[in-house]
Amino acid sequence: MEDTLVFAVNGDRIELSSVDPSTTLLHVNGCSITTTEGLGNMKDGFHSIHQRFAGFHASQCGFCTPGMCVSLFSALVNSDKTHRTEPAFGSSKLTVLEAEKSISGNLCRCTGYRPIADVFKSFAADVDMEDLGINSFWNKETKLHKLPFYDSKQISTYPEFLRNERESTTVLNYQNKCWYSPLSVEELGSLLESISAENGMMVKLVAGNTGTRYYKETEYYNKYIDLRFIPELSTIKKAGSQIEIGATVSISKLILALKEERNDDLISEGDIVFKKIASHLEKIASEAIRNVASIGGNLVMAQRKNFPSDIATVLLAVKSKVTILTGVNKEILTLEGFLEKPALNSRNVLLSVFIPCLKPTKNDCSENIKTKLLFETYRASPRPLGNALAYLNAALLAEICHVDNGVVINCIQLAFGSFGAKHAIRAGTVENYLVGKKLSVDLIYEAVKLLRVAISPENGTSHPAYRSSLAVSFLFDFLLPIVDADDFIHKSTCNNPGIGSGLTIDDCERTALLSSAKQVIESSHEHYPVGQPIIKSGAAIQASGEAVFVDDIPSPLNCLRGAFIYSIKPLARVKNIKLKSEKDVNSVVTFHDIPKGGENVGAINRFGQEPLFSNELTQCAGQRIAFVVAETQKNADMAADTAMVDYYIEDLEPPILTVEQAVEKSSFFEVPSFLYPSQVGDFSKGMAESDHQIHCEEIKLPSQYYFYMETQTALAVPDEDNCMVVYSSSQVPEFAHVVISRCLNIPEHNVRVITRRVGGGFGGKSIKAMPVATACALAAYKLRRPVRTYVNRKTDMIMAGGRHPMKINYTVGFKSNGKITALHLDILINAGMSPDVSPIIPWNMIGSFKKYNFGAFSFDFKLCKTNHSSKSAMRAPGEVQGSFIAEVVIEHIATYLSLDVGFVREMNFHNFDSLKLFYGNSAGEPLEYTLPTIWDKLMKSSNFDHRDGSVVVEVGGIELGQGLWTKVRVIQADTLSMVQGGFTAGSTTSEASCEAVRLCCNVLVERLVSLKEKIEGAFVQGIGFFMLEEYLTNSDGLVVADGTWTYKIPTIDTIPKQPNVQILNSGHHKNRVLSSKASGEPPLLLAASVHCATRAAIKEARNQLYSWKGLNGSDSFFQLDVPATMPVVKTLCGLDNVEFYLQSLLSS
């Protein structure tokens, strides 16, 4: 019996005898871990993966890059294990599709994924090198030898000493906790029986342990039992007409087994079923998760905790069975019976799963009648691949026989899950109705009506009607093609693609997720190397994991960790805070701990300040109440998460939770006169000149979370002579410096704030980073010990604030040709509890809104003070909303007049005189107005050629990923490291810092051309805002979309398949530093085009639905919500379109 933990890290032996099992580090016992540092580094030389990441410009902020590198290395290692033909020298066995899919579980907010995909594909044996994007390895000649050389034998992933480790039962003890690793089912049974005799024992069975990322642990266990080393649980057996899968077999291993080719040439229908199951399993979780997650763990989560499992649904349809162990007794159950049992406890163990190898039965059909087995799986989720729970999943199995006059269903299994029921179910009423009947449109119509009743989500389920509609679409998609091929109905379905929503195995056998894209940079070589795609300084060390972010800084001696307790009430008095878990808790810091003379201030800017902690009265759900300090981050997080706060709301006014309530109570922040934009022309006169008018049309725009990869983090270290050194992931360290000084009541020169790099910001690390650094500083000041925090994603999302939600009403007058004569906007902006930077939003909104000539233009802004978290600057603050609203107005007019929307846009383009009227001196010179030129280029091309120019150099600020240091090096300005750049956000740092570079270096160049990846990254972030990201709150304003499971940013499978980027060389601009232009914000605004295209598609779908209903005329204008998620789009297209289509066939 062993009592030592042995594993390897980058080939080095690690042996531990005292480990806390709750950290689950014991899960790596006997494993070899390879990190990105183990692949290569600055000292020993970078791996070709690191070099290619740098050369393809695939690392911006760099926080996600190490994970991307390891995912690529894992894909390369796995491909080497296949039996494919040996690749060319320096290449690999990896395929393009495998390369792209291996990214699907990774998130990036900066690059837009395409340059990362180029890196991955550059290793693939079947890649067309001409399909790869701009890089530093070649210009036009694409030759493999110019790529950094890849040697598949360079890294040993499993050292010899681990192979020689003796396998024996492991028992590790730590304080009052034990970790067991039994080696047989009998040993496991005895262990469970002995534990059951101990009262009050908390026991956790461990296999992949991936469930902890979904169900966060809020309690401690006494005993952990690792099931992975029991042979019966970790093997796959093929015997006769079924496959037996051990419960700890990983999902990836099962996929390989199901795909395994038979030795004979005959592929049975059962084999096809297996392959389709495998294809479906490849759409769940991510490859990295599937490699670890166990089949048994997934099914037990579905049984015990109602996890919306795809595996349960798919296996339910094929009549699977399971074996469970209770004590020393085994029991075999149908999967349906297993799911319906009372929830298993830790004394019950799922041992194995049986999947039958299906084949048609004769039943009542004669020998001459052919029977056939049909099987399809379906899944509708926010992402085709990657980590996303399904809105609905389904697996449909039918045995049919062909008779003279059609097709008869012998038997059928219809399994549906993830729709808001406790677990996956069989639609028994529909099955019974269909069995034995001849298939017809009539039959399908009646079946889908029954199915709508059967698929009934429980109360509280989001989008219930949409989920029921999906079920109908899936059944329709499955059954309609089976109708007699001679029937006219079957032929007519070819003219109506997209009615059903099915996904078949063929969908997963495409050769690539992405197509080659065109990137055109019009640049000058006059000032070489300026304008060239030079490798970003520091990109390689970001890839190798050597770039130091705040949380990478080694903890000083006696360092403590902190976590925030936040309010869950929007307006309430805090009576008391009680910790449920006080393990290793050192202190609970509140506003009472602010030193005498110090201020309760957490953030400041020119418009006001925000408190560090609530006083007795909370101002919003998500406001900081206290900061729990403990010995470890896990203990601090658990203490904060389980803290019980007593609230008192009597005698308080109701909270203000909507902008309408703010107007009713006149609750506003002031917009300074110098920031209030000027109106244009006489609105009344413009309306009088119009032929048509639209009055008081409403638009609502939501918030958006920053989703930087690195959450808020800080480290505060007390120094001698009453000083404080604070490392902060901040875009404005100088402001944090002032806040900390005022809070602690110490001189500013006693505070030193250090920021080297930030793992993504997008505005969220400017104002919102200040209170995190200040809380650490206050705790460190109180306790005289270093204090650090890495805010967990849930807390970060709840406290972040994000983009400004708003409500807009517009009234517009226009001519019959679409020319707008007058427009008025009433805009209510939800600023939250404090002003933050909200007063800049009106100016920014109108600046982008005025891109069209609206004739006379008037507006009224109200900055609403509400009991929500304060909203802050987020990439293109106000500008993205203003630009979008302008497009909505244009589209509404086009629909009203039945004109082409492109024609209406062009009709309202500025000429230079109107441009000067709307923008004044900022209109620039006539030659600088490039919109008509860009429009003409687009009209002559079938591609989407993005319209903005080179990126701005940024120097005096913080490295956020924009290549801030790289261009400085190019123009020899290394000495400017002391330049203060103010806010490193938007274009503010850009212009000030670039001018400093220009003056100090006395270098004038025509223009700087940056990398197209910064354009695609912003565009993809805009797609997230317009199409995917729902930053939802409950009725109290508390964020409930508080993690990656509920908040979906774009991934590689949701980005444009073929984005074409052209950077226009618009010549010299004398008032722009180095003739540069910003590239972060404009492409984000352009992402509204995806929303507009979706609206056009919905319009056509609605017109089709009108025809099926027998109605004449096209549909009128409709508002398409932001974000236009799948349920929103389907609802507008018609949740009952299948029924109306079938009715139209029957009536014809």
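This is a predicted model: local features need pLDDT of at least 70, side-chain atom pairs count only at pLDDT 80 or more; totals for chains, interfaces and linings use all residues.

Modeller: Residues are numbered from 1 along each chain as its sequence is written, and side-chain values use heavy atoms, with hydrogens and water left out.

Colleague: In the open sheet of five strands, what is the strand order?

Modeller: Strands here are DSSP runs of E with at least two residues, helices are runs of H or I with at least four, and both are numbered from the N terminus; two strands pair if DSSP finds at least two bridges between them. The edge strands, β26 (668–669) and β27 (692–701), each pair on one side only. With mixed pairing, the order is β26-β34-β33-β32-β27.

Colleague: Which residue in β32 is the bridge partner of Ile699?

Modeller: Strand β32 covers residues 806–814 and pairs with β27 in the antiparallel sense over eight bridges. In β32, the partner of Ile699 is Ile808.

Colleague: How many salt bridges are there?

Modeller: Side chains of opposite charge can pair when their charged atoms come close. The rule asks for a side-chain nitrogen of Lys or Arg within 4 Å of a carboxyl oxygen of Asp or Glu. By this rule, the number of salt bridges is 31.

Colleague: Glu282 forms a salt bridge with Lys259; is Glu282 buried or exposed?

Modeller: The closest N and O atoms of this pair are 2.7 Å apart, and the residues, 23 apart, lie in the loop between α9 (269–281) and α10 (287–290) for Glu282 and in helix α8 (residues 251–259) for Lys259. Buried means under 20% relative accessible area, exposed over 50%, and partly exposed in between, with a 1.4 Å probe and protein chains only. Lys259, at 35%, is partly exposed. Because the relative accessibility of Glu282 is 19%, this residue counts as buried.

Colleague: Lys807 forms a salt bridge with Glu660; how many residues apart are they?

Modeller: The closest N and O atoms of Lys807 and Glu660 are 3.0 Å apart. Lys807 counts as buried at 14% relative accessibility, whereas Glu660 counts as partly exposed at 34%. Lys807 is in strand β32 and Glu660 in helix α20 (residues 659–664), so that the pair links distant parts of the chain, and their separation is 147 residues.
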